[in-house]
Amino acid sequence: MLRQSAQWAIDRFGIDNLYHCLLDRRVPKAPWYSGDGSTLMALLGIQVITGSVLALTYSPSTDSAYQSVVYITDQVFLGWFIRGLHYWSAGAMMIMIVFHLMRQIVLGGYKSPREGTWLVGVPLFFGVLFLAYSGYLLRWDERSIYGIRVMLQMLGRVPLIGDWLVLFAQGGPSVGPATLARLYAFHVLVIPLLMFALVAIHLYLVVIKGTMTKGERSTPIHSVSQQREIYKSEAASVDKGETFFPWTMLKTGTMAGIVIGLTLLATVFIGPSKLYSEANLTESTMPAEEWWYWWLSGLIALLPASIAPWAVVLLPVAILMFLLLLPFVDRSPMRGARNRPIWILFVIATVVTILLLTDYRRRSPFTAWPESSLPAIPVGMTLPPDAERGRVQFARYGCNSCHAVGKSNASFAVDFALLRGQLSREKIREYILNPPAGVAMPSYAGRMTKEELDTVVAFCHVAQTFPLED
Amino acid sequence: MENRRTWAIGFLAVGGAVGSLAIGIPAILAAFSASIQGRQKHAWRRAGIVDDFKIGKIITADVSTGRGDWSTTLGRLTVFVWRQTDEQFVVFSRSCTDLSCPVTFDPGSECFFCPCHGGIFTKNGTPLAGPPKRPLYRYTTRIRDGNLEIDLHSLPPAY
């Protein structure tokens, strides 16, 4: 009876067909790390589940959005877990999608007949980038509001239609309720719907065109028919092929499981991301982006002012064009990492650059901030009276907003302790009154009395002998 | 037979196109209504009482954005007011001209610091360091009945 019902269901719901087409098919053997795609699928699933649960409580209104996020975190049963998992699996998706993309670039995975799979993947990549950006804007805390303004700046710099796009994104003359509503609509509805359609096409193409095999990497491939031949013989071969279910899935599923395990650990032990005070345009604050965009922020800080304002528009466009054109520009018949050393170098250089920029942003040595407390002096040291008076003036005139003293790093401008007594009093005086052109130092000519200037010079001079703290 | 097939395909194509446009065009126009409507030329708001600003000092002032019942969280906006002479006021936007991060004024060094990418502006709003290329935005000001007023719409929409 049970067996008969099962047979009936398998036939009437067309499960047998699906099983044969998707699961019980021969494919060339895949290594475990080709599970990055399955991992992304699994993470997307987690995003949908946790996102749906968050949406049950989240209120996309400027007056209650922040309170609803606080409520989810503190009051909803396991709300902190759902929010944390949504956050950490988003971060995992950012890492995995870069890995997925880089791996295909190293292999040449976009080569014929898989250009379509690649071209559908490119908008999916940008979709993930958008979701990972818009997600933290919905929290409606201080970081969100400045994140929104950065986004508006990016739109505003698009030539010709910039202002028009800003008004569209704001939904009115300034940031307000319609802005949040729009972000919400794009984050939970518009972009995910488009992405589901594209994921379906992407997977359909992965099934009918396959992914790159070992055999394809061993020989130059000049035509699609040659590729087809290699692929088919590998899939059919006893030792070079396998059935997708369960053998390929076992490997890809293991990778997905490990990544999900890590996101769960991060969720439980680190928890959801910190909430700052509610969005406002009045408080003094230090906004920052989520860690997966630190590299971009670091890059913007390093670029000269002549390029920086355009980088936020040009960089995404340049990446988009590069990815879209890649399969058409790279026509070499060689596939596989070993045959593509230049691309290995390219990927390593890109990843190292991203990591270095991330670290640069983490340290943020480029940011000065008002500091009016007295600079510390080495323990046990007594300053000469004029230098001691200068220390007070040093703080009063905001010198240590930029110049840390004896702090080995985290100083925006030069730390005097690093100068080791190189500058004479005359040089220091000259620098304070007439900073050289192009140096980020305001002139204090006309602001300080002669007595104040003398004491500040005395303090700077003696500060050159301070030991450096680690 | 072939003729009927051509007609059928033509009918589907035209019908489909008319149907899509009938729904698509209004949908796009509604989505972009804020862009189409643009914004009013001026939005004058009170920044404070003229006599409360000391000559030569740069201080912050909270301006009501005048949204009122619509949204309370963004109802106030901080700007920097610099009273230069009796009648002359400079009101800076708090938005860094790089990516709109909120700058802070350091009275000691008389510089504006941006917390995001190291932008620094002088007292006059001239960029001194970091990515920003243009000076801090200044609101158009006027004095009405002893009040200092600024025009929120004298800045581009993203600020």
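Helices here are DSSP runs of H or I with at least four residues, strands are runs of E with at least two, and both are numbered from the N terminus. Just after H15(A), I noted that Ser364(A) takes a positive phi of about 45°.

**Basis of the entries**

I am working from a predicted model, in which local features need pLDDT of at least 70 and side-chain atom pairs count only at pLDDT 80 or more, while totals for chains, interfaces and linings use all residues. Residues are numbered from 1 along each chain as its sequence is written, and chains are lettered from A and ligands numbered from 1 in the order in which they are written.

**Domains**

I looked up the domain bounds, which come from an automatic or database domain assignment. Chain A is divided into domain 1 (10-363) and domain 2 (385-463), with 48 Å between their centres, taken over C-alpha atoms. For chain B the assignment gives domain 1 (2-37) and domain 2 (44-154); their centres, again over C-alpha atoms, are separated by 48 Å.

**H5 and H6 of chain A**

I next examined helix H5 (residues 79-107) and helix H6 (residues 115-137) of chain A, which pack at an angle of about 155° with their axes 10 Å apart. Axes are lines fitted to C-alpha atoms, for helices over the stretch in contact, and angles run from 0 to 180 degrees between N-to-C directions. H5(A) is therefore roughly antiparallel to H6(A), a term for angles over 145 degrees. Met93(A), Ile97(A) and Leu101(A) are among the H5(A) residues that meet H6(A), where the partners include Trp118(A), Phe125(A) and Val128(A). Contact requires C-beta atoms, placed from the backbone, within 7 Å. I counted Ala, Val, Leu, Ile, Met, Phe, Trp, Tyr, Cys and Pro as nonpolar, Asp, Glu, Lys and Arg as charged, and the others, Gly among them, as polar.

**Backbone entries in chain A**

Most residues other than glycine have a negative phi, and most peptide bonds are trans. I found a cis peptide bond joining Ser112(A) and Pro113(A), with omega about 5°; Pro113(A) lies in the loop between H5 and H6. Another cis bond joins Phe245(A) and Pro246(A), with omega about 5°, and Pro246(A) is found in helix H12 (residues 244-269). Trp140(A) has a positive phi, near 55°, and is found in the loop between H6 and helix H7 (142-156).

**H16 and H19 of chain A**

Helix H16 (residues 385-396) and helix H19 (residues 450-463) of chain A pack at an angle of about 100°, with axes 7 Å apart. I therefore recorded H16(A) as roughly perpendicular to H19(A), the term for 65 to 115 degrees. Among the contacting residues are Arg389(A) and Phe394(A) of H16(A), and Asp454(A) and Phe459(A) of H19(A). This contact divides into six nonpolar, three polar and five charged residues.

**Chain B against chain A**

I found 45 residues of chain B in contact with 52 residues of chain A. Elements of chain B that each supply at least two residues to this side include helix H2 (33-37) and strand S3 (76-83). The chain B side divides into 21 nonpolar, 16 polar and eight charged residues.

Technical notes: Two residues are in contact if their C-beta atoms, placed from the backbone, lie within 7 Å. Angles under 35 degrees count as roughly parallel, over 145 as roughly antiparallel, 65 to 115 as roughly perpendicular and the rest as oblique.
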